[in-house]
Structures are given as structure tokens and as C-alpha cells.
Amino acid sequence: MASTSSNQRGAAARPMRAAICVLAAMLATPLAVAQTEAASPAEQPPAAASPKPCSTCGKVESVRAIQSSKPASGVGAVAGGVVGGVIGHQIGSGRGRTVATVAGAAGGAYAGNKVEKKKNTKTVYEVSVRMQDGSMRTVQTTTAPPVGQAVTLKGNELQAAGSKKK
């Protein structure tokens, strides 16, 4: 009977030994992985270097229309005064004709000056561009790009990003 009881004790001890082995393996695995990672930093891939921002690339942040005009030369006022005087001279007789001529010349000069100023006025656009490096640049153009458009600055000239204009 002695052999039977030792077999029973051995059979009961086997699951206990197996559980201890499994527990020891589980506890040793994270330690081994941590030691391996700490021991071999050279094997890890190098961190990707952040790309250098483009110094001429940016996005349109705002567009403002500005009326620009050259000063009037006086040609419009003179021409308008002459035409107005001729038309005024056609009206009335005597002193009335003189008054109509002077009034026509004055009105014509005023109107001619306004026409010349309007002819010399043009619209330019002040465009603010947020550059990739974070700075803000402002340029004037004759066309208004849409807000949010990616652009490239060449000197003081805007160009839509991706266009091949030279």
C-alpha cells in the first residue's frame, strides 16, 4: 500500500508543479522583454526627422479690396469745361447766355474731373498669406485668390500652389 499512497501524492503534486512553472514563465516574460528593449536601442528605427517648412509656401488667410487711383491730370476738367461751355452757350440769349455758358463750363469741368478720376481708379487686392513657418506676409495683386488656397510666393508675386507658371 505504500506505493499507492506515494503515487497519489505524486499525482496531486503534478498539477501544482505545472501551475508554478506557468506562473514563473509569466512573471519572467515581461522582465525579459523589458531587458531586451532596454539593451538594444540601436536596433530601434530612428525617429523620423520633421520636414523643414517651405519658406515660400503658404495659405491665403484674407483678401481685402483696395481702390487705387492716380491723381487727376486736369485733362478731364478742361475737356469737360469746354464741352459744358459750348452746350451752355447754346441756351438763352443776352445775359442769360453768359450765365448758361459759365454754369455749363463749371458743371462740365466738375463732371470731366469725376470721369477722369473714375477712369484712373483701379482695384488692387491686399492678400495676407500665412507661411508654413508661421510668419505672415502681405502682398498686393490685381486678382483675388480664394481664402484658404495654397499659394507660393515668388518675390511679391503670388502663384497658386502646383501651377507651373515661370
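Is valine 78 buried or exposed? Valine 78 is exposed, because its relative accessible area is 56% (buried is under 20%, exposed over 50%, partly exposed in between, with a 1.4 Å probe and protein chains only).

## Basis

This is a predicted model: local features need pLDDT of at least 70, side-chain atom pairs count only at pLDDT 80 or more, and totals for chains, interfaces and linings use all residues. Residues are numbered from 1 along each chain as its sequence is written, and side-chain values use heavy atoms, without hydrogens and water.

Valine 78 sits in helix H2, residues 75-89. Helices are DSSP runs of H or I with at least four residues, strands are E runs of at least two, and both are numbered from the N terminus.

Helix H3 (residues 95-120) holds valine 102. Valine 102 is exposed too, at 56% relative accessible area.

## Largest pocket

The largest pocket has a volume of about 180 Å³. A pocket is an open set of points on a 1 Å grid over the protein atoms alone, where a 1.4 Å probe fits, with protein on both sides within 12 Å along at least five of seven lines; lining residues have an atom within 4 Å of a point. The volume is the space filled by probe spheres set on the points, which are joined across faces, edges and corners.

Lining residues number 12, and Thr141, Thr143, Pro145, Leu158 and Gln159 are the closest to the centre. Strand S5 (residues 157-160) gives the most, four residues.
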